[in-house]
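Visitor: Could you take me on a close look at a single part of this model, please? I would like to see how one residue sits where two chains meet.

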Amino acid sequence: MSETSFQVSVGEAFTAEDVAEAAEKPTEQVARYALRLGDDALILAQQLGWWVARAPELEEDVALTNIALDQLGHARAFLSYAGLAWGKTEDDLAYFRGESEFVNAQLFEQPNGDFAQTIARQFVASHFQFELYRQLQGSANATLAAIAAKALKEVDYHRDHADQWMLRLSLGTDESRRRMLRGLEVIWPFVEELFRDDELTDSLKGVAAAPSSLLEGFEKSTAAVFARCEIEIPAGFVARGGGRLGQHTEFLGHLLAEMQVLAREHPGATW
Amino acid sequence: MSSPGGGEHETWPLWEVFVRASRGLSHLHAGSLHAPDAEMALRNARDLYTRRNEGVSIWVVPSSEITTSDPDEKDAFFESPKGKRYRHAGYYTEAEGVKHL
C-alpha cells in the first residue's frame, strides 16, 4: 500500500487542553458535578485498559482499547474543567486523591470478570452515558455542553459495540448465553444508583442532567436490546450505592493503587 | 491456547477490508482482519483501519469469496499485452480536422 493512498488528518476536536486553557472557572457546584462525570469515565477507562492484550481476539483488544481511550479523553476534559475551580490539574485529581474522594458511581469500578461481564458493564455504562450526554449537550453551561457534544458521538459507538456483543453472546452458544446472563446478574444491581438525584444535581437545574430524567430513555433503549437478545429485563437485588458520596465497593481501592502508584512513586515523572 | 475460541476450528474467518478515503475516490484494499460475521467485520475495520481519520466508507468481503489469478499462470495472464502498443491511445496519430482531442 502506497503512503499516498489515504488522506490522513488528525481533524478538529475539543480537547482537555482546550478546556484547561479556554474555559472559565466553574462554580464549586459545577466543579463537583464535572468531577463525578470525569471519575465515571476515568475509572471505566482504567478497567477497560486491562483488556489491551487479553480480549478473545486481537481485533477485540483494539476495539475495547479504543473505547478505553475515548473514556480517558472524556475524563481528561471533565477533570481539567473541575480542577479549574480548585487550582488543580487533571493529573492532581487523577493521581493524588484517595479512595473516599472519588465520586464515580459504583457501576464503573465493578471488575471486568469474564468478557461477558465486561460487556454487561459496557452495556449499562454506554446506554447511561448516551442518555446523559444527549441531555447535557443542551446544558446552560457552555463547557459541559461542549464536552458532552463531543463525547456523545463516541459513546454512541460504544453503545453499538456493547449491543452487538450482547446479541452475539445471548444468542450464541449455551455457554455464551450462560455467561451473558451471569454478567448481567452481577452488574445490574449497580444500575439504580446511576439515576438517583441528590442535593447537588437538584441545585444545578438547567446545568446538570438530572439523573432521574435519564431513566426513561435508558429503559427504553435497553429494553429494545433485551427483547432482541430474548432476555428478560433483570430485576431484584439493588446495591446500596453511595459512590457519589465517596463510598465504594472493595474493588476501587485496588484499582487506584495500580493506577496511581507510578505518579506517587515518581512525582512529576514524564516520558 | 486451550480456552474456548482458541481451537483452530473455532477461529473467526478472515475478511478483506476496502476503505474509501473521500468522495470521488475508489475504495482501496487496506488489509484484512478476523471477525465472527459481516457486521462485526465492519466495526473491526472501523477500529483498525480508520483510527487516523482515513476513511468515509468501508467495504468488507469474506476473503474466501475472493477469486484470485493464479501466480503460476502469470505468463499466460499478463505477458500478452506487452508489445501490443496499439492498445494504447498514444499509438495512433491524430487525424487532421478532428477537434477536441
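Guide: Happy to! Let us begin with a term: contact means heavy atoms within 4.5 Å. Leaving aside its neighbours within four places in sequence, B:Arg43 is in contact with A:Tyr157, A:Asp160 and A:Gln164. Before going on, a word on what you are viewing: this is a predicted model, where local features need pLDDT of at least 70, side-chain atom pairs count only at pLDDT 80 or more, and totals for chains, interfaces and linings use all residues. Residues are numbered from 1 along each chain as its sequence is written, chains are lettered from A and ligands numbered from 1 in the order in which they are written, and side-chain values use heavy atoms, with hydrogens and water left out.

Back to our residue. B:Arg43 is found in helix α1 (residues 38-49) of chain B; helices here are DSSP runs of H or I with at least four residues, strands are runs of E with at least two, and both are numbered from the N terminus. Is B:Arg43 buried or exposed? B:Arg43 counts as buried because its relative accessibility is 18%, and buried means under 20% relative accessible area, exposed over 50% and partly exposed in between (1.4 Å probe, protein chains only).

The side chain of B:Arg43 also makes a polar contact of 2.4 Å with that of A:Asp160. A polar contact is a pair of N or O atoms within 3.5 Å; within protein, one must be able to donate a hydrogen and the other to accept it, and residues adjacent in sequence count only if both atoms are side-chain atoms.

Now let us step back to the whole interface. Here 19 residues of chain A are in contact with 22 residues of chain B. The two chains bury about 2100 Å² between them, 55% of it on carbon and sulfur atoms; buried area is the accessible area (1.4 Å probe) that two parts lose on being put together, summed over both.

Between chain A and chain B there are 3 salt bridges, each a side-chain nitrogen of Lys or Arg within 4 Å of a carboxyl oxygen of Asp or Glu. A:Arg168 forms a salt bridge with B:Asp37, with the closest N and O atoms 2.6 Å apart. On the side of chain A that touches chain B, the elements giving two or more residues are α3 (58-86) and α6 (142-170) of chain A.
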